[in-house]
Amino acid sequence: RPRIGTLSTASRNGEVNVAVFGSPQMIDENTVVMGIGRNRTFRNLQDNPKAVFIFLEPGKRLMDWKGARVYLEVLDIETGGGFFEQIKENIGKAAGPEAAAMIHAAIRFRITEVRPIVEG
């Protein structure tokens, strides 16, 4: 189901960044793919393969909200070829041609951990 979340990354020097992303695509229970532009997130992931994607789904009350913190590690980054073109095409269908035109790379991540938004 479509959702918006944030992807947090850090450079090799520890400079952090957070960016808003649409729904990443799960290609199996351990793998997520995303298309990204040529930006700070892209540069950070080239330096440091670890990231965290957080998503929220609103509920009636704050305690009814759902979501997760999904810890990721880059498996590969492609800026051309079949996988890249497929991700770009999927983004075009979901978000429109303007969004697809902004995509510079397709990134495949391994999920390393999933944690709830709030831990008791």
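In this predicted model, Y71 of the protein chain has E113 in β7 as its bridge partner. That pair belongs to the contact between β6 and β7, which run antiparallel and are joined by ten bridges. On another side of the sheet order, β5 and β6 also run antiparallel, with eight bridges between them, and here the bridge partner of A51 is L72 in β6.

The pairings just described can be set side by side.

| Strand pair | Sense | Bridges | Example of bridge partners |
|---|---|---|---|
| β5 and β6 | antiparallel | eight | A51 and L72 |
| β6 and β7 | antiparallel | ten | Y71 and E113 |

In general, strands of a sheet pair through backbone hydrogen bonds, in either the parallel or the antiparallel sense.

Taken as a whole, the protein chain contains three helices and seven strands, and along the sequence these elements follow the pattern β-β-β-β-α-β-β-α-α-β.

As for overall dimensions, the C-alpha atoms of the protein chain fill a box of roughly 45 × 35 × 25 Å along the principal axes. The radius of gyration of the protein chain is 14 Å, and because a compact globule with 120 residues would have a value near 14 Å, the two agree.

Which residues lie nearest the centre of the largest pocket? They are F21, G22, S23, P24 and Q25, out of a lining of 31 residues. The elements that give two or more residues to this lining are β2, β3, β4, β5 (50-57), β6, α2 and β7, and β4 gives the most, with five residues. The volume of the largest pocket is about 760 Å³, and its lining divides by class into 22 nonpolar, seven polar and two charged residues.

The second largest pocket holds about 170 Å³ of space. Its lining is made up of L56, L62, M63, W65, K66, G67, P116, I117 and V118, which by class gives seven nonpolar residues, one polar and one charged.

Conventions. Residues numbered from 1 in each chain as written. Predicted model: local features only at pLDDT ≥ 70, side-chain atom pairs only at ≥ 80, totals over all residues. Heavy atoms only, no water. 1 Å grid on protein atoms, 1.4 Å probe; cavity = no way out; pocket = protein on both sides within 12 Å on 5 of 7 lines; lining within 4 Å. Points joined across faces, edges and corners; volume = space filled by probe spheres on them. Helix = DSSP H or I, 4+ residues; strand = E, 2+ residues; numbered from the N terminus. Nonpolar A, V, L, I, M, F, W, Y, C, P; charged D, E, K, R; others polar. Rg over C-alpha atoms; globule rule 2.2 N^0.38 Å. Pairing = 2+ DSSP bridges.
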